[in-house]
Amino acid sequence: MTVTQQEIENRLWDAADELRVAMPEAQYSSVVFPLMFWKYLSDTWEHQHELFVAENDGLLEELSVEEAHEIEYRDYQSFEIPLIHPGTVQERRASWASILATITQPGLGQRVRASLQAIETANPDKFSRLFGSMTWTSEEVLSAEVLAAVMQAMDRTPKMHEGNMSHDVLGGAYEYLLKRFSDGSGTRAGQFFTPREVVELIVEILDPHDYESVYDPTCGSGGMLIASAGFLKARGKKGYSLQLYGQEAVADTAGVARMNLFMHNLTEFQVEVGDTLKEPRFKKPDGSVAQFDVILANPPYSLKWKPWTNDPRALGGVAPQSSADWAFVQHMIASMDPKKGRAGVVLPHGVLFRGGQEAAIRRRVLDEDLLEAVIGLPANLFYSTSIPTAILVFRAPGTKVQERKDGVLFIDASRRYTKAKNRNLLAETDIDDVVTAYHSNFNADGDPVDPDGEGGLEARFVPTPEIVANGYDLNIGRYVKHAAAEQGDLGTLIDAYNIARAERKKAEQRMLTVLADAGIEGFDE
């Protein structure tokens, strides 16, 4: 039986919707994804077991239990669903079907937790810490009645294995739930889900190749890593050949990422848990951070952090305690392979012009010619914030193409969007046009050689001396005409605001003086 994308998405959402009586939508993922992945593992294991039995029917009678086990796990199974309490009257397999058969018995949450933990223990190389904290298995967090309702609803989905549905369908269903949770729950879910079209744009700009390494230091649910493999697959290349690496601060979210990667049939990955700025998990033998071909990230914006005291990543200085934006950039720069490393990061516009310590870092980055492009995106693209953001693209020292040396490409795509219910969207044509602008040649004035002249997209290559003359300010409005007209120069706007505020205070003071002279009191400034 072939399962359609729509069918599995609808049935999985029905299962998630059973949680509405127990928790806010932002928390659905912590329950639904472990259950969904457990069912996928169980269905896959049982399917492979049935194949093993069917293809070795006559041979099984001649084999011992140990010999049969060795053949099955050598030739058929890629992971183990172990037995719990083997050899006793309580023996059962840590499978979905086994627990579903006892769903009305007391202690459902405990049995589910024991099964998931047993799978992690039996497959330490693949599934260690995969299912997260599993706090939802506690009766105090989620009642047995609700948990049973979710499982029964999810059991109405078709069998989740390769004989019944492709990994494209399975991975698509997983992404559908990620997006659905983010659409309906705002900031909390949006923290680990970057809109697909933004991810697609960054991946196309960075252009990963077969057998390269791809790293996301704030990987969330793993979307950027998966999109990198999908980018190659869509072009008939070997997406499975990428070596994928990610680090995520929240253990449950890291588990979501691992499950997401498996659902997309990607197995060459390593996702670690920890604070990337404080404790980067990927290191060389000498203790320095590991380096990768492609680095891409959407880190938490303006995160308060504990600044480094003595860290080799602190290129140009240390980012202020009030915002770790440039610290994430510094980490990504340190993580670029010296021969072909490139990085793309989404950040708020403040990184382009804020002063103090951030200005010092920005100056060093520009002096070393590491920044290749600044791409201004429309406002309200993200689930967690409505502010406009920009993609900053970096290249390892000395690796820019000749035409891009000693300068920065500015692309203003702020007008390229489609309005939707909860946020703005980038269409495929928007993405294609930005990528085309990124790859364009530019004349002596910095303008595209072959501009299309329409579509609300502007680009200009700006030599470094011009940026230096502007005090290393990267505000897009300084360099692109429409952005300047639309946004105004931020410094000018701030000056105008301060002048207007001072004039207002003077006017109020004159008014109060006139009122006081007239004997009218009781007005406060």
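Which residues in helix 13 are buried? I looked this up before anything else. Thr253, Ala254, Gly255, Val256, Ala257, Arg258, Met259, Asn260, Leu261, Phe262 and Met263 are buried in helix 13; buried means under 20% relative accessible area, exposed over 50%, and partly exposed in between, with a 1.4 Å probe and protein chains only.

Notes on the source. I am working on a predicted model, in which local features need pLDDT of at least 70, side-chain atom pairs count only at pLDDT 80 or more, and totals for chains, interfaces and linings use all residues. Residues are numbered from 1 along each chain as its sequence is written, and side-chain values use heavy atoms, with hydrogens and water left out.

Helix 13. I took helices (H or I, at least four residues) and strands (E, at least two) as DSSP runs, numbered from the N terminus. Helix 13 covers residues 251-263 and has 13 residues. I find that it reaches 18 Å from its first C-alpha to its last, close to the 18 Å expected at 1.5 Å a residue; the expected span is 1.5 Å times one less than the number of residues. Eleven of the 13 residues are buried, so helix 13 is largely enclosed by the rest of the structure. Just after helix 13, Asn265 takes a positive phi of about 60 degrees.

Other positive phi values. Most residues other than glycine have a negative phi. I noted Tyr211, with a positive phi near 70 degrees, in the loop between helix 11 and strand 3 (213-216). Asp406 is not a glycine either, and has a positive phi of about 55 degrees; I place Asp406 in the loop between strand 9 and strand 10.

Thr399. This residue is in the loop between strand 9 (389-395) and strand 10 (407-412). At 24% relative accessibility, I count Thr399 as partly exposed. Not counting residues up to four places away in sequence, Thr399 touches Pro338, Lys339 and Gly341, where contact means heavy atoms within 4.5 Å. Thr399 and Leu370 are 29 residues apart in sequence, and their C-alpha atoms are 8.9 Å apart.

Val351. I find Val351 in the loop between strand 7 (342-348) and helix 15 (356-367). Its relative accessibility is 1%, so Val351 counts as buried. Leaving aside neighbours within four places in sequence, Val351 is in contact with Asp325, Trp326, Arg362 and Leu392.

Helix 2 and helix 4. I looked up how helix 2 (residues 28-55) packs on helix 4 (residues 65-75): the angle is about 120 degrees and the axes are 10 Å apart. Axes are lines fitted to C-alpha atoms, for helices over the stretch in contact, and angles run from 0 to 180 degrees between N-to-C directions. That angle makes helix 2 oblique to helix 4; angles under 35 degrees count as roughly parallel, over 145 as roughly antiparallel, 65 to 115 as roughly perpendicular and the rest as oblique. Trp45, His49 and Phe52 in helix 2 meet Ala68, Ile71, Glu72 and Tyr73 in helix 4.

Helix 11 and helix 12. Helix 11 (residues 196-206) and helix 12 (residues 223-234) pack at about 55 degrees, with axes 9 Å apart. I therefore record helix 11 as oblique to helix 12. Val199, Ile202, Val203 and Glu204 of helix 11 make the contact with Gly223, Met224, Ala227, Ser228 and Phe231 of helix 12.
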